[in-house]
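Subject: Handing over a structure, with notes on what was found

Dear colleague,

Please read them with the model open beside you.

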Amino acid sequence: MSEKKKTTIILFSGDYDKAMAAYIIANGAAAYDHEVTIFHTFWGLNALRKEEQVPVKKGFLEKMFAKMMPRGADKMGLSRMNFAGVGPKLIKHVIKKHNAMPLPQLIEMAKEQGVKLVACQMTVDLLGLKQEELIDGIEFAGVAAYLADASEGNVNLFI
Amino acid sequence: MNVAKMVDAKGLSCPMPLVKTKKAIDELTSGQVLEVQTTDKGAKNDLAAWAKVSGHKLVDMKEENGVLTFWIEKA
């Protein structure tokens, strides 16, 4: 069998809708038997946060960041029509109505399909996140690891 | 047609019909036929494109009362 094709996606955005698009493409690419990597950086890291508060030692600034950023995929806002939090509720309602998959399940399914979830170590540190605060089964890496995957990538996206 | 496995993806939206089809076809051996039922209109192009690129053969397709049925032979 020929070598597997590769898809790499950089998830920079912390918006629910954009993350949903990223994860739908990732799941689709996995169904195409691609080796799929989602490289989470900056606000995209919020998709990997655990919902519950994890007791970790942090400085003042890091605590502020932790409070102000959404704790997990389900808490993320919309890129448009967020309406101070009403928008995501509406979207989740129509997602249910149309039997589409909400973001947390899309992430679960991506993991099930063997999509490699990577957290950018530098931005993890910048935002004051700790490894214990992020979901299990992810990897931590930097630009070199991303480029190694992307340079052999057939599909490379920045979302 | 000798159908080895059936996937019921009716009512499900993208990307579920594709993901379920892919999972099911992984469980078949070469030459076996998978039947997929879906109500997702996008699946018409989706599954045809996926079968083509993955090397599987789209043997037949029909549309009846809003239900799309595909028969895919595993490569």
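This is a predicted model: local features need pLDDT of at least 70, side-chain atom pairs count only at pLDDT 80 or more; totals for chains, interfaces and linings use all residues.

Chain A: two places in loops

Phe83(A) also has its place in the loop between α2 and α3 of chain A, where α3 covers residues 86-97. The phi angle of Phe83(A) is near 45°, which is a positive value in a residue other than glycine, and for Ala84(A) phi is near 50°, again positive and again in a residue that is not glycine. Are these residues buried or exposed? Phe83(A) has 12 C-beta neighbours inside 10 Å and therefore counts as exposed, and Ala84(A), with 6 such neighbours inside 10 Å, counts as exposed too.

Another loop of chain A, the one between β2 (35-40) and α2 (60-68), holds Arg49(A). Because Arg49(A) has 22 C-beta neighbours inside 10 Å, it counts as buried. If its neighbours within four places in sequence are left aside, Arg49(A) is in contact with Arg71(A), Gly72(A), Glu133(A) and Leu134(A). Arg49(A) and Gln131(A), although 82 residues apart in sequence, are 9.3 Å apart in space when taken from C-alpha to C-alpha.

Where the chains meet

The contact between the chains involves 11 residues of chain A and 12 residues of chain B. On the side of chain A that touches chain B, helix α1 (residues 16-31) of chain A gives the most, with 4 residues. Sorted by class, that side of chain A consists of 6 nonpolar, 4 polar and 1 charged residues.

Chain B: overall form

Chain B has 2 helices and 4 strands, and its elements, read from the N terminus on, follow the pattern β-α-β-α-β-β. A compact globule of 75 residues would have a radius of gyration near 11 Å, and the 11 Å of chain B agrees with this. Along the principal axes, the C-alpha atoms of chain B fill a box of roughly 30 × 20 × 20 Å. Of its 75 residues, 32% count as buried. Among the contacts in chain B between residues at least 6 apart in sequence, 61% join residues that are at least 24 apart.

Chain B: the sheet and its helices

In what order do the 4 strands of the open sheet in chain B stand? The order is β1-β2-β4-β3, with mixed pairing. Since β1 (3-9) and β3 (57-64) of chain B each have a single partner strand, they stand at the edges, and one side of each is left without a neighbour in the sheet. Neighbouring strands of this sheet are turned against each other by 15° on average, with direction ignored.

Strands β1(B) and β2 (residues 33-38) of chain B run parallel and are joined by 6 bridges. Along this pair, Met6(B) stands opposite Glu35(B) in β2(B), and Ala9(B) stands opposite Thr38(B) in β2(B).

Helix α1 (residues 16-26) of chain B lies across β1, β2 and β4 (67-73) of chain B, and runs at about 155° to β1(B). Helix α2 (residues 43-54) of chain B also packs on the sheet, where it touches β2, β3 and β4 of chain B, and its direction makes about 5° with that of β4(B).

Chain B: a cis peptide bond and a database entry

Cys14(B) and Pro15(B) are joined by a cis peptide bond, with omega about 5°, and Pro15(B) lies in the loop between β1 and α1 of chain B. In an unreviewed entry, UniProt lists residues 7-31 of chain B as "domain: UPF0033". Over residues 7-31 of chain B, the chain is 44% helix and 12% strand, and the end C-alpha atoms are 17 Å apart.

With best regards

Conventions
Residues are numbered from 1 along each chain as its sequence is written. Chains are lettered from A and ligands numbered from 1 in the order in which they are written. Two residues are in contact if their C-beta atoms, placed from the backbone, lie within 7 Å. Ala, Val, Leu, Ile, Met, Phe, Trp, Tyr, Cys and Pro count as nonpolar, Asp, Glu, Lys and Arg as charged, and the others, Gly among them, as polar. The radius of gyration is taken over C-alpha atoms; the globule rule is 2.2 Å times the number of residues to the power 0.38. A residue is buried if 20 or more other C-beta atoms lie within 10 Å of its own, exposed if 12 or fewer, and partly exposed in between; C-beta atoms are placed from the backbone. UniProt positions are given in the numbering used here, feature names are shortened, and annotations may be inferred rather than shown by experiment. Two strands pair if DSSP finds at least two bridges between them. Axes are lines fitted to C-alpha atoms, for helices over the stretch in contact, and angles run from 0 to 180 degrees between N-to-C directions.
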